[in-house]
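Please look at the sequence and the structure shown below before reading further. The paragraphs after them are meant to be read with both in view.

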Amino acid sequence: MTALPPPPGGLFSALRRRAQEIESWSEWIYPHRSLRLTREGWFFLVVTIAIGLAALNTGHNLFYLVFAMLVSLIVVSGLLSERAVRHLRVERRFPSEVFARSAAPLELRVRNTSRHRTSYAVEIHDGIAGQPRRRIGFIDRLDAGAERSFVSLWSFPCRGRQTFRSIHLVTRFPFGLFEKTRIVRSGDSCVVFPAISGEGGPSLSRHAGERAFRKHRLGEEIMGLRRKLPDDDPRRIHWRVSARIGEWMVTEHAETLDRPLAVFFDSRGSAGAAFETAVERAASLLWRTSRHGRSARLFSWGAAFPEDGALVLRSALGFLAEVAPLDGASVPSEREFRDWRREVERAGGGVFVTAAEPPDLPPGTVLRVA
């Protein structure tokens, strides 16, 4: 007898994942709801069954009447609890910047979309994939059309794209016999930037390229004097010189020319603590440099970023959040490295962050090895 071929692994793995997600027997029957008996509910159910058996054994109408009343309470409890959670809509709102190992506020907005029905006694539970859910807030009463917001703090242990679990709306309304949970499926996720350390910032920026100056009529530094033009601000007239030579003279100022700090992140190497340290150092350098008034530009193998704009920092941190080590067999592109060398030579310095053996670097480069 020949052995049957093994079933496809995809089916069994999907069933296993589904079994791990299911937390109650009722989810097998109806995946959008979960039902659990409370301690009082178990006691109530035992009493109801006992009275039902007594009614069958004795045939007394009083037992049948009491049994019918108890069963009707169970039915009413199910209807009212469903009414409490049915018309609630939940929306997650993420902050613009989320960093690993730092607390990030997450807002949950709960809205009652019903026109006439009021929701009572609803708990909101939320959680990150791989972590247990926790209680976010409690709604004692939410009128029709009303909305309520809850803010919770979350901390992510590592960088990358983090996925949130389904939201649970839990209620024991009205009698506390059953705990009904409405399961709100959502595929919400957020990109967690690398953790920011104390390294980098202005001290490193001063050693990696200096600022330059250019003449500008509205600058800060005084560069010299010149004849007044018709549209010049009279407040810039130098009165002593103008009185001595007999014509209007104004001060000429200089504007600070900010040369971006050129940072090259070397993604070669293998996954591990050294690579993660290099990622965090590059992200910390970009973040702290921008927060101290100087722009920074990131370079890496096979990655291109815009030279200026409001989203430069976010795009660079987003790249570092999801970057993976280059495979040893793959050959990195040299174009980005040549662009970085030209930027370093023009600015007079730059930073090279790596967890591997660095290549030949231009003069003025500050090397950071994880």
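The following text considers a sheet, then a pair of strands, a helix and finally the cysteines.

This is a predicted model, in which local features need pLDDT of at least 70 and side-chain atom pairs count only at pLDDT 80 or more, while totals for chains, interfaces and linings use all residues. Residues are numbered from 1 along each chain as its sequence is written, and side-chain values use heavy atoms, with hydrogens and water left out.

Helices (H or I, at least four residues) and strands (E, at least two) are DSSP runs, numbered from the N terminus. Two strands are said to pair if DSSP finds at least two bridges between them. An open sheet is formed by three strands in the order E2-E3-E6, paired in the antiparallel sense. Strand E2 (88-93) and strand E6 (147-155) stand at the edges with a single partner strand each, so one side of each has no neighbour in the sheet. On average, neighbouring strands of this sheet are turned by 25° against each other, direction ignored; the axes behind such angles are lines fitted to C-alpha atoms, for helices over the stretch in contact, and angles run from 0 to 180 degrees between N-to-C directions. Nine bridges link strand E3 (residues 103-112) to E6 in antiparallel pairing. Ala104 stands opposite Trp154 in E6.

Attention now turns to another pair of strands. Strand E7 (residues 160-163) and E10 run antiparallel and are joined by four bridges. Arg161 has Val191 in E10 as its bridge partner. Strand E10 (residues 189-192) has a covered face, with Cys190 and Val192, and an uncovered face, with Ser189 and Val191. Burial is judged by relative accessible area: buried means under 20%, exposed over 50%, and partly exposed in between (1.4 Å probe, protein chains only). Val191 has a relative accessible area of 21% and is therefore partly exposed. Contact means heavy atoms within 4.5 Å. Not counting residues up to four places away in sequence, Val191 touches Val98, Gly160, Arg161, Ala321 and Glu322.

Helix H8 (residues 312-322) has several buried residues, among them Leu313, Ala316, Leu317 and Leu320. An α-helix has 3.6 residues a turn, so residues three or four places apart point the same way. The cover over the buried residues of H8 includes E7, E10 and helix H7 (273-291).

What, finally, of the cysteines? Cys190 is buried because its relative accessibility is 8%, whereas Cys158, at 42%, is partly exposed. The structure holds zero disulfides, a disulfide being a pair of cysteine sulfur atoms within 2.5 Å.
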